[in-house]
Amino acid sequence: MLLQVKNLHFSYTPNKKLFNNLSISIDEGQIIALAGESGCGKSTLLNLIYGLLDWEDGQILLNGTRLMGPKGNLVPGEKDMKFVAQTYDLMPYSTVSENVGKFISNINLHEKKMRVHELLKVVGMEDFADIKPQFLSGGQQQRVAIARALSVLPKLLLLDEPFSNLDFSRKIELRERLFNFVKQNNLSLIISTHEIQEVMPWLDRITVLQDGRLIQNDSPKETYLNPYNSYVAKLFGEVNVLTDAEKDSLKLGRHLWYPHQIKVAAQGEPAKVLESRFAGSSYWNRVMIDSIPLVIYTDHALSGTVNLHFIEQSERL
């Protein structure tokens, strides 16, 4: 086990505890996402793991060695980890290349130069090697900070919302290059994100926090198909949440239904179409079965009355 967080207790104020007996772990080479609404504790947990905050009780161990936090370290931080926070801490009057090469040895300058170029390619910033960070956008600075963190091939990389300042096209490029680099070098990665669906293909596990509590800690497939509650399901986008009475009246086996799990069919529950709007890859539709409002996605516009079929788990196996 590379990282273990055991029975962690932490609070910003004495009368409100954020983490109360929190435990998580990560194996070598794994990629884990911390997911949850703003304020759930994702960034705080990363700061605690990296040693920037002191905790009240519990243990954090890296490769079996107990970490001490600021109280036990003259310089906060851990040498076998790198952390890219939402403030990037770049050297403003040094070039992008100099920032990325900050932690790389100067013994072989040619090798260092090649290494820096490779890392800049990973984050798509090779054309900005000689530019100073003060002239870069927030998203560009974010990518430089990630490249610098990768430069030492840390055992554990912590990224706090690493795609938050990127345009969609840049986000697609970076996430594939970044996750491939992490996997190829057998690094372990914990990433906090609000956009869980965009990183799902590369994840080994999703750890869901709500108000500092661990709600679910499963594989991406298990978390998506069997969310613990509506809070977890809504992290993946729109979801239809049925009451007990609504579930029973429709004779369904569960309360939570993603829009794509409800299909228009030749036979099924009759539903009145209230709205049908083009949404790019699909049409977004608001429909009503008796007095039960639902959102469904289709490949064409709907109108009038349609029949709906709810796809149960067994039908997808």
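Student: In which helix is Lys-247 found?

Tutor: Good place to start! This is a predicted model, and in it Lys-247 is found in helix H9, which covers residues 244-249.

Student: Is Lys-247 buried or exposed?

Tutor: To read that, look at the relative accessible area: a residue under 20% is called buried. Lys-247 has 15%, so it counts as buried. Leaving aside neighbours within four places in sequence, its contacts are Leu-242, Leu-252, Gly-253, Arg-254 and His-255.

Student: What does the side chain of Lys-247 meet in a salt bridge?

Tutor: Let's take the general idea before the case. Side chains of opposite charge can pair when their charged atoms come close. Here, the side chain of Lys-247 meets that of Asp-248, with 3.4 Å from N to O. There is also a network elsewhere: salt bridges with shared partners join Lys-79, Asp-80 and Lys-155.

Student: How many salt bridges does the structure hold?

Tutor: The structure holds 12 salt bridges. One of them links Glu-118 and Arg-115, at 3.1 Å from N to O.

Student: Where do Glu-118 and Arg-115 lie?

Tutor: Both sit in helix H3, residues 109-122, and they are three residues apart, about one turn of the helix. Their surroundings can be compared by accessibility. Glu-118 is partly exposed at 38%, while Arg-115 counts as buried at 18%.

Student: Which parts does the pair Lys-171 and Glu-198 tie together?

Tutor: Start with the bridge: the side chains of Lys-171 and Glu-198 meet at 3.7 Å, N to O. Lys-171 belongs to helix H5 (residues 168-184) and Glu-198 to helix H6 (residues 196-199), so this pair ties together parts 27 residues apart in sequence. Lys-171 is buried, with 7% relative accessibility, and Glu-198 is partly exposed, with 21%.

Student: Now a charged residue without such a partner. Which side chain of opposite charge is nearest to Asp-160?

Tutor: That is Lys-42, 6.8 Å away. The cut-off for a salt bridge is 4 Å, and Asp-160 is buried yet has no salt bridge.

Student: With which side chain does Asp-160 make a polar contact of 2.5 Å?

Tutor: The side chain of Ser-192 is the partner in that polar contact. Another polar contact, at 3.3 Å, joins the side chains of Asp-160 and Gln-86. Asp-160 itself lies in strand E7, residues 156-160. Beyond its neighbours within four places in sequence, Asp-160 has contacts that include Ser-43, Leu-46, Phe-83, Val-84 and Ala-85.

Student: Let's step back to the whole chain. Into which domains is the chain divided?

Tutor: The chain has domain 1 (3-234) and domain 2 (238-315). Their C-alpha centres lie 38 Å apart.

Student: How many residues of domain 1 are in contact with domain 2?

Tutor: Eight residues of domain 1 are in contact with six residues of domain 2. To read an interface, also look at the area it buries. Here the two domains bury about 660 Å² between them, 60% of it on carbon and sulfur atoms. Tyr-224, Leu-225 and Ala-233 supply 61% of the area that domain 1 buries against domain 2, more than any other three residues.

Student: How many salt bridges and polar contacts are there between domain 1 and domain 2?

Tutor: The salt bridge count is zero, and two residue pairs are in polar contact across the interface. On the side of domain 1 that touches domain 2, helix H7 (220-225) and helix H8 (230-234) each supply at least two residues. The largest share of that side, three residues, comes from H8.

Definitions and conventions
Residues numbered from 1 in each chain as written. Predicted model: local features only at pLDDT ≥ 70, side-chain atom pairs only at ≥ 80, totals over all residues. Heavy atoms only, no water. Helix = DSSP H or I, 4+ residues; strand = E, 2+ residues; numbered from the N terminus. Buried < 20%, exposed > 50% of the residue type's maximum accessible area, 1.4 Å probe, protein only. Lys, Arg positive; Asp, Glu negative; His and termini not counted. Polar contact = N/O pair within 3.5 Å; in protein donor to acceptor, adjacent residues only side chain to side chain. Contact = heavy atoms within 4.5 Å. Domains from an automatic or database assignment. Buried area = accessible area lost by both parts, 1.4 Å probe.
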